[in-house]
Structure formats: C-alpha cells, structure tokens
Amino acid sequence: MRKTSAVLATLSLAVLALTGCSSAPTFAGAACDRAADSSSVQDSVTVEGDLGESPDVTVFGPVKASETSFSDVVTGDGEALTSPFQPMVLDIAFYGGESGEKLYESEFNGDMSRVHSIDYWSQRSPGLETVLECATGGSRVVAVLTPEDFGENNVEAFGLEEGENIVAVLDVLDVHLAKAEGSSKFNDARGLPTVVRAPDGTPGVIIPDADAPESAVTQTLIEGDGAKVEEGSTIVTNITAVGWDDKTVTSTTWGGEPNIGPAANELVGATVGSQLLVVVPAADGNPATAIVVDILGIVPVPEQ
C-alpha cells in the first residue's frame with residue numbers, strides 16, 4: 001500500500017508542468033448507466049460464490065464473440081464509476097474461452113486497501129475500461145473480451161490460441177468518490193488562495209499577489225456528508241500542491257492514481273466528500289505551498 005505520512009510531508013509524486021484546472025476524462029457523469037449490458041454473456045458461463053470470494057466458474061466453451069461484452073450478474077448499490085481515474089477496489093479472474101481454464105486470479109482476500117482505478121486496470125487489459133464504465137460498488141460483472149481487448153501481451157504470455165476469447169469475472173468491491181461532494185463553505189480569510197474547479201472536480205489554485213502566511217492555515221472549502229476521518233484513519237485522497245512564489249503546480253494526483261495513506265492531523269475530523277485547503281508556510285528551505293485535498297474515502301480496518 002502506498003503511504004504518505006502527512007499532507008505536509010514532501011509528496012512523492014512527479015512534478016508536473018500544469019496550470020489552471022484542466023479537466024480529466026470522465027464517462028457520462030449524471031447520465032451514467034449500464035445500457036450496454038449483454039445477457040448473452042451469461043449463456044457462456046456460470047459463476048457461483050459470494051462477492052469478494054474466489055468464484056467457482058464454469059465456462060461453456062468455445063466462447064465466440066466478435067466484440068467485448070459484459071453482464072452484471074450482481075448489481076451493487078454503491079457509487080458508480082464515472083471516471084477512468086476514480087478510486088475503486090477490484091478483484092478479477094480471467095479464463096480461457098476455449099479451455100475454460102483459469103489464467104489469472106487476483107487476491108480475493110478482502111483487502112480493501114488495494115485501491116486503484118480503471119486506468120490502472122485498462123493499462124493491463126484495455127477492454128476493462130469498457131467493461132467497468134458506470135459499474136457500481138458491490139457489483140459482480142462477467143465479461144467476454146476479444147483478444148485485442150484482453151491485450152496482445154497477455155495473449156502471448158498465456159499462450160492462447162489465435163482469435164481465442166477470454167472470460168473475465170470482476171468483483172467491484174468498493175467505489176470511492178470521484179471528487180469532493182457536499183456543501184460549499186464560506187471563508188472570509190483574506191490573502192489566501194482561491195480554488196476553482198473543473199466539472200470533474202479537478203482544482204485550479206489561484207495564488208494571490210501577497211506574502212504567504214507565516215503559520216499553517218487550514219480551510220474547509222466543501223464539507224462532505226460522509227464518514228468522519230479519525231486519528232489513525234487510512235484515507236483515499238486526491239491532492240494538488242501549488243508553489244506560492246512561482247504559482248505553478250508542483251505535484252498532483254488528479255488524472256492518475258489516488259493517494260492512500262494515514263490521515264494528517266490537519267484532516268482529522270473532516271468528513272468524506274470534503275475538500276480542504278492547507279497552506280504550509282516556508283520552512284527549513286522549503287517554499288510556501290498551497291495544497292488542495294479532496295477526501296474521497298476511508299479504507300476500512302481489516303477484520304481480525
């Protein structure tokens with residue numbers, strides 16, 4: 001699990017030459033649905049077992065399909081995946097469409113700290129973006145992937161026959177928020193940055209032509225209505241840091257993998273869905289920095 005000791009610590013992220021609040025890709029926003037669901041997929045496979053446990057799968061091969069298709073055999077009532085970069089927890093298993101043999105299976109161990117995004121998974125198997133678009137937390141999805149959508153490297157690595165389809169079972173264990181959601185809060189403190197947001201939530205930070213504060217400042221910009229962050233909580237966040245003096249983005253998780261780690265003191269007491277502005281004064285040779293934090297979720301404590 002990736003860890004960040006505190007929001008005030010040096011962020012272990014690539015420095016990006018970004019300005020403003022350019023929007024990251026989204027799917028369908030509020031119109032998100034699963035209209036592409038294909039019941040014919042269920043004629044090719046049976047899946048037994050509980051969500052989150054290694055499935056018992058029978059493939060009625062050979063499975064023939066000219067394009068990737070999917071079916072939700074269990075539809076969850078959690079958040080919908082509206083962006084390729086939205087944090088989620090996924091278990092997945094692949095089976096050969098000819099032999100029905102298991103090719104790969106993820107952990108299926110209930111570890112909810114394995115937070116990634118659709119983009120992460122689609123880099124490994126391109127068709128998963130189509131399969132996961134608009135899926136909801138708590139769903140089990142069965143898909144048939146074409147070799148092209150499974151990925152040429154995967155086809156070669158598993159020694160599949162030319163043109164062989166692949167059957168996938170995906171358990172969407174949890175979906176976190178894509179952006180801060182809640183009530184906007186009024187802050188009358190002058191001389192602090194202004195935060196604007198693209199439609200997908202990507203923040204832009206406007207640094208004022210004024211000296212940075214000499215002590216740390218924390219403001220709640222959006223107050224979410226989710227669970228409260230406790231001391232010791234492991235949280236899922238998107239973070240953007242902007243240098244006060246040069247007014248450029250020095251690091252961001254937007255458009256990439258979210259940040260996961262213990263909650264900094266500045267975030268304890270905030271709620272999931274909130275967006276906070278933390279201004280860190282210059283100290284120990286480090287320049288003053290404005291940091292915008294979207295709290296997207298809390299990782300559950302594993303059961304003992």
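I started at Thr271, which touches Glu223, Gly224, Asp225, Gly226, Ala227, Lys228 and Ile295, leaving aside residues up to four places away in sequence. This is a predicted model. I then asked where Thr271 lies: in the loop between strand E15 (259-262) and strand E16 (275-280). Buried or exposed? Thr271 has a relative accessible area of 13%, and buried means under 20%, so I put it down as buried.

Next I looked up the nonpolar cores. The largest one has 24 residues, and Met88, Phe94, Leu128, Leu132, Phe150 and Leu170 have the most contacts inside it. I checked which elements supply at least two residues each: strands E4 (88-96), E7 (139-145) and E8 (166-175), plus helices H1 (118-122) and H2 (128-132). E8 gives the most to this core, 5 residues.

Beyond four places in sequence, Leu132 touches Arg34, Leu81, Met88, Leu90, Ile118, Leu170 and Val172. Apart from that core I found another, of 23 residues, with Val115, Ile260, Val272 and Leu296 among them.

Last, I went through confidence. The protein chain averages a pLDDT of 88, and 88% of the residues score at least 70. For the chain, my notes give strand E3 (residues 69-74) as lowest, at a mean of 92, and strand E17 (residues 289-298) as highest, at 98. Residues 1-22 stay under 50 in pLDDT, and the model has 49 contacts for them beyond four places in sequence.

Definitions and conventions
Residues numbered from 1 in each chain as written. Predicted model: local features only at pLDDT ≥ 70, side-chain atom pairs only at ≥ 80, totals over all residues. Heavy atoms only, no water. Core = buried A, V, L, I, M, F, W, Y, C linked by side-chain atoms within 4.5 Å. Buried < 20%, exposed > 50% of the residue type's maximum accessible area, 1.4 Å probe, protein only. Helix = DSSP H or I, 4+ residues; strand = E, 2+ residues; numbered from the N terminus. Contact = heavy atoms within 4.5 Å. pLDDT = per-residue confidence, 0-100.
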